[in-house]
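Trainee: Please take one part of this model and go through it closely. I would like the surface and the charged contacts treated together.

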Amino acid sequence: LLLPLTILVLGTFQNTYGVFGTGYTLDYWKDALGRASVIRSVKNTMILGLMVASMGTILYGLLSYVSLRTKMKGRQWIEVLSWVPRAAPAVVLGLGIVWAILGGGIPGIKALYGPLFLMAIVILLEATPQGMRMMNGGMVQLSSELEEAARVSGASWLRTMFKVVIPLLAPTLLNAWLLSFLGATRAL
């Protein structure tokens with residue numbers, strides 16, 4: 001893992017591509033970092049990564065909670081529907097969403113059209129199966145008796161979530177956030 005990454009990084013400092021020891025330079029880095037388009041691309045990548053990771057972690061956590069912890073009617077369909085994005089390639093999924101938004105069949109949906117926001121929706125949907133599996137793994141390890149004890153002690157559902165569930169799921173939430181962030185930045 002380290003050898004290819006080291007060669008890749010060293011290659012960015014070489015005077016002549018592929019020939020080590022001929023001298024090193026920062027010219028390529030100065031040129032790349034001096035371009036407004038590169039800076040804008042890095043900025044958009046970070047914005048998209050942060051947006052997808054944050055929204056995805058919240059979405060997948062809530063869907064997993066509803067699917068595994070509640071007795072809501074039809075909750076088992078959340079699990080089934082989370083696999084729908086895997087049925088179509090990401091390009092087809094993205095194209096379908098663009099057509100749905102630009103087609104304007106639903107009133108007010110054109111307001112969603114925007115390069116980063118639309119891309120975030122597609123990446124969120126495409127990553128749903130993985131995000132749900134990760135959250136489900138953490139959720140099934142958390143005993144429901146802990147939530148029940150908090151509720152019996154007088155805590156509201158919201159207080160139980162913030163004082164019991166979220167702290168215990170913190171490692172799972174962090175992992176889901178990191179994987180969502182990496183997936184989004186890789187996709188862009």
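Mentor: What follows starts at a nonpolar patch and moves on to salt bridges.

The model is predicted, so local features need pLDDT of at least 70 and side-chain atom pairs count only at pLDDT 80 or more, while totals for chains, interfaces and linings use all residues. Residues are numbered from 1 along each chain as its sequence is written, and side-chain values use heavy atoms, with hydrogens and water left out.

Ile58, Leu62, Trp157, Leu158, Phe162 and Ile166 make a nonpolar surface patch of about 600 Å². Patches are built from residues with over 30% relative accessible area and no salt bridge; like charges are joined within 9 Å, and nonpolar side chains (Val, Leu, Ile, Met, Phe, Trp, Tyr) within 5 Å. Accessible areas come from the Shrake-Rupley method with a 1.4 Å probe, and for residues only the protein chains shown count as cover. Helix H3 (36-69) and helix H9 (157-168) each supply at least two of the patch residues, and H9 gives the most, with four. Helices (H or I, at least four residues) and strands (E, at least two) are DSSP runs numbered from the N terminus.

Within H9, two residues can be set side by side. Ile166 lies in this helix and counts as partly exposed because its relative accessibility is 31%. Buried means under 20% relative accessible area, exposed over 50%, and partly exposed in between (1.4 Å probe, protein chains only). Leaving aside residues up to four places away in sequence, Thr160 touches Glu147, Ala150, Arg151, Ala155 and Val165, where contact means heavy atoms within 4.5 Å.

A search of the whole structure finds four salt bridges, each a side-chain nitrogen of Lys or Arg within 4 Å of a carboxyl oxygen of Asp or Glu. One of them joins Arg69 to Glu147, with the closest N and O atoms 3.2 Å apart. This pair links distant parts of the chain, Arg69 in helix H3 and Glu147 in helix H8 (residues 144-152), 78 residues apart. Glu147 counts as buried, at 9% relative accessibility.

Another salt bridge is formed by the side chains of Arg133 and Glu79 (2.3 Å, N to O). Here Arg133 in helix H7 (residues 128-141) is linked with Glu79 in helix H4 (residues 76-81), 54 residues apart. Arg133 is partly exposed at 27% relative accessibility, and Glu79 is partly exposed at 23%.
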